[in-house]
Amino acid sequence: MANPVKSVIVKPLNGQASIVANEFVVVETGTAEAPVAIPSEGKVLVHLSVWEANKADLTARAEAGDLGVYLNPEDNPEQLQGDVNVLKLIAFHFPVFKFGQGYSGAYLLRARYGFKGDIRAFGDIWRDQFFYLARCGFTQFDIKEGKSLEDALNAFSDFTIPYQTSADGSLPVFNRRAAAAGA
């Protein structure tokens with residue numbers, strides 16, 4: 001699952017997108033018989049189950065921004081509601097294009113639990129998804145291997161006016177029209 005891509009796209013909520021170095025390495029979960037060995041140095045993304053089992057030992061690294069937690073489609077982001085003030089990075093793994101649980105998970109973390117850190121999408125994500133992922137609260141995009149990062153930067157300007165409210169705080173078109181009519 002470790003992504004060999006050396007760069008990711010970072011787009012702060014309602015900010016400009018840019019390409020930056022990918023400092024995080026995804027650490028596999030291992031098994032109950034052979035648990036994963038978490039590197040003691042460097043920035044890592046560990047699975048939710050690893051975080052839950054080792055939270056006391058990993059909290060300082062998470063607070064320092066050197067450790068993030070990732071979720072698979074079957075994982076419940078509500079398990080992180082008590083950790084939103086500790087974690088600086090939460091990621092959602094999209095193993096194949098058809099999984100969309102990460103969209104609602106990111107929105108839940110932003111809107112209900114007030115998560116202010118970065119939310120990363122990685123795995124089988126494509127340029128076509130970036131605008132919508134950003135609307136749901138994603139701020140980092142680890143694009144599918146072999147795709148152009150430069151081309152993917154353009155995805156955020158594919159649409160200029162959103163039609164619905166979302167986690168990015170952009171005013172939807174109906175609110176803009178109402179405000180203009182009242183002015």
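The protein has five helices and eight strands, where helices (H or I, at least four residues) and strands (E, at least two) are DSSP runs, numbered from the N terminus. Read along the sequence, they follow the pattern β-β-β-β-α-β-β-α-β-α-β-α-α. What you're looking at is a predicted model, in which local features need pLDDT of at least 70, side-chain atom pairs count only at pLDDT 80 or more, and totals for chains, interfaces and linings use all residues. Residues are numbered from 1 along each chain as its sequence is written, and side-chain values use heavy atoms, with hydrogens and water left out.

Let's start with the overall picture. Of the 183 residues in the protein, 45% are buried; buried means under 20% relative accessible area, exposed means over 50%, and partly exposed is in between, using a 1.4 Å probe and protein chains only. The protein exposes about 9500 Å², and carbon and sulfur atoms supply 53% of that area. Those areas come from the Shrake-Rupley method with a 1.4 Å probe, and for residues only the protein chains shown count as cover. As for contacts (heavy atoms within 4.5 Å), take those between residues at least 6 apart in sequence: 52% of them join residues at least 24 apart.

Now find strand S1, residues 7-10. S1 runs antiparallel to strand S2, residues 18-21, and four bridges join the two. Strands count as paired here if DSSP finds at least two bridges between them. Along this pairing, Ile-9 sits opposite Ile-19 in S2. S1 also pairs with strand S8, residues 140-142, again in the antiparallel sense and over two bridges. There, Val-10 faces Gln-140 in S8.

Phe-141 counts as buried because its relative accessibility is 0%. Phe-141 and Val-8 are 133 residues apart along the chain, yet their C-alpha atoms are separated by 5.7 Å. Leaving aside neighbours within four places in sequence, the contacts of Phe-141 include Val-8, Ile-9, Lys-11, Ala-121 and Phe-130.

From Phe-141, hop over to Phe-130. Again leaving aside neighbours within four places in sequence, Phe-130 touches Ile-9, Ile-125, Phe-141, Ile-143, Ala-152, Ala-155 and Phe-156. In soluble globular proteins, nonpolar side chains tend to be buried together. A nonpolar core is a set of buried Ala, Val, Leu, Ile, Met, Phe, Trp, Tyr and Cys residues joined through side-chain atoms within 4.5 Å. The largest one here has 39 residues, and Trp-51 and Phe-130 touch the most other members. Elements that each supply at least two residues of this core include strand S4 (43-47), helix H1 (48-63), strand S5 (67-71) and strand S6 (89-94). H1 gives the most, with five residues. There's a second, separate core of seven residues, including Phe-24, Tyr-70, Leu-89 and Phe-122.

Five of its five residues are buried, so S5 is largely enclosed by the rest of the structure. In a regular strand the side chains alternate between the two faces of the sheet. In S5, Leu-67, Val-69 and Leu-71 point one way while Gly-68 and Tyr-70 point the other, and all are buried.

What does S5 pair with? S4 and S5 pair in the parallel sense over four bridges, with Val-46 partnered by Val-69 in S5. Three bridges join S5 to S6, which also run parallel, and here Tyr-70 stands opposite Ala-91 in S6. Together, S4, H1 and S5 make a right-handed β-α-β unit.

Finally, look at the aromatic rings. Rings of Phe, Tyr and Trp (its six-membered ring) pair if their centres lie within 6.5 Å; planes under 30 degrees apart count as stacked, over 60 as edge-to-face and the rest as tilted. By this rule the count comes to six aromatic pairs. One of them joins Phe-94 and Tyr-103: the ring centres are 6.0 Å apart and the planes sit at 80°, so the pair is edge-to-face. Phe-94 and Tyr-103 are both buried. Phe-131 and Tyr-132 form another edge-to-face pair, 5.4 Å centre to centre with 85° between the planes. In this pair Phe-131 counts as buried, at 13% relative accessibility, whereas Tyr-132 is partly exposed, at 40%.

Notes:
A crossover is right-handed if, with the strands pointing away from the viewer, the path from the first strand over the helix to the second runs clockwise.
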